[in-house]
Amino acid sequence: MVFWEGYVSDEAMGTFAPIVVYWLYAGIYQLLPPLDNYRLHTRKEEDEKNSVPLSSVIKGVLLQQLVQATVAEILFLLTSKASSSGVTIQPPLLVQVVQIIVGMLVMDTWQYFVHRYMHQNMFLYRHVHSQHHRLVVPYAIGALYNHPLEGLLLDTFGGAISFLISGMTARTAVIFFCFAVIKTVDDHCGLWLPGNIFHLFFQNNTAYHDIHHQLQGTKYNYSQPFFPIWDKILGTHMPYSLVERPEGGYEARPMKD
């Protein structure tokens, strides 16, 4: 039994909950005070280096989420496992945990290779992926700011493939996709906050992805959103040192292996 049962279908929750969670979680970051002592870049750097206004970022994210919602609705419709009575039998909790882990590994694999290819193919980088890198200094609301084609290939298809290969139900997918959204937003938040559980349990975190957004790091740290496995296997892992700035805050400095 889940809190939405009887009110909203699992398929509707799987479609719209990740969108709501994105704006709630990113909105919390957006409404926080400046927190200069925890920023990975100064506010001056954010203003000078980012070449796209917040209004355009919001429009870009909403467009991507519209496409994601459409694909999700079609996907859930085609893969519904409900019986004639309209009830879907949920697998045991352990099975769901394994499905989520499989989904995480599949998503990481898909996004690593598509993401890396978008950097190596100059046409795709110039005309597609460079839109995301207009945010040299990432922030939470810009986590899903991409070219529409990239949003479709990298995130939407990546999520669909993870769902299909893992075999999870729509109810399990609600948990998986909401968690993936929260992790992605956190990786782009630009803050190194004390006690952040993502920094404690994931090597692929805010500072790790910040390296990729720096000019000297664009050929490294392609892995997203969960584990740095493929970066380490294929030699694109760029370690970093987290250094306190004299004026406050931190700086993630790339280090050579």
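Throughout these legends, buried means under 20% relative accessible area, exposed over 50%, and partly exposed in between (1.4 Å probe, protein chains only). The model is predicted, so to speak of local features we need pLDDT of at least 70, side-chain atom pairs count only at pLDDT 80 or more, and totals for chains, interfaces and linings use all residues. Residues are numbered from 1 along each chain as its sequence is written, and side-chain values use heavy atoms, with hydrogens and water left out.

Figure 1. Reading from the N terminus, the order is α-α-α-α-α-α-α-α-α-α-β-β. Here helices (H or I, at least four residues) and strands (E, at least two) are DSSP runs, numbered from the N terminus. The radius of gyration of the protein is 19 Å, close to the 18 Å that the globule rule gives for 257 residues, so the protein is as compact as a globular protein of that length. That radius is taken over C-alpha atoms, and the globule rule is 2.2 Å times the number of residues to the power 0.38. The C-alpha trace spans about 65 × 40 × 35 Å along its principal axes. Buried residues account for 49% of the 257. Of the contacts between residues at least 6 apart in sequence, 68% join residues at least 24 apart; contact means heavy atoms within 4.5 Å.

**Figure 2. Y22 and W23, an edge-to-face pair.** Rings of Phe, Tyr and Trp (its six-membered ring) pair if their centres lie within 6.5 Å; planes under 30 degrees apart count as stacked, over 60 as edge-to-face and the rest as tilted. The whole structure holds 15 such aromatic pairs. In this one the ring centres of Y22 and W23 are 5.3 Å apart and the planes sit at 75°, so the pair is edge-to-face. Y22 is buried, at 1% relative accessibility, while W23 is partly exposed at 25%.

**Figure 3. F179 and F226, a stacked pair.** The two rings are 5.8 Å apart centre to centre, with 5° between the planes. This pair ties together distant parts of the chain: F179 belongs to helix α7 (residues 170–187), F226 to the loop between α9 (206–213) and α10 (229–234), and 47 residues separate them. F179 is partly exposed with a relative accessible area of 28%, whereas F226 is buried at 0%. Both rings belong to one aromatic cluster, made up of F176, F177, F179, F198, F202, F226 and F227.

**Figure 4. A180, in helix α7.** What does A180 touch, once its neighbours within four places in sequence are left aside? Its contacts are M107 and F226. A180 counts as buried, at 7% relative accessibility. For a sense of distance, A180 and Y250 are 70 residues apart in sequence and 25 Å apart in space, C-alpha to C-alpha.

**Figure 5. Helix α9, largely enclosed by the rest of the structure.** Eight of the eight residues of α9 are buried, so the helix is largely enclosed. The residues in question are T206, A207, Y208, H209, D210, I211, H212 and H213. What do they pack against? Their partners are α4 (93–120), α7, α8 (197–201), α10, β1 (240–244) and β2 (250–254).

Figure 6. Phi of N221 is near 55°, a positive value in a residue other than glycine. Is N221 buried or exposed? At 0% relative accessibility, N221 counts as buried.

**Figure 7. L35 and D36, in the loop between α1 and α2.** The loop runs between α1 (10–31) and α2 (43–49). L35 has a positive phi of about 50° although it is not a glycine, and L35 is partly exposed at 24% relative accessibility. D36 is partly exposed as well, with a relative accessible area of 32%. Not counting residues up to four places away in sequence, D36 touches R43, R245, G248 and G249. D155, by contrast, is 119 residues from D36 in sequence and 31 Å away in space, C-alpha to C-alpha.
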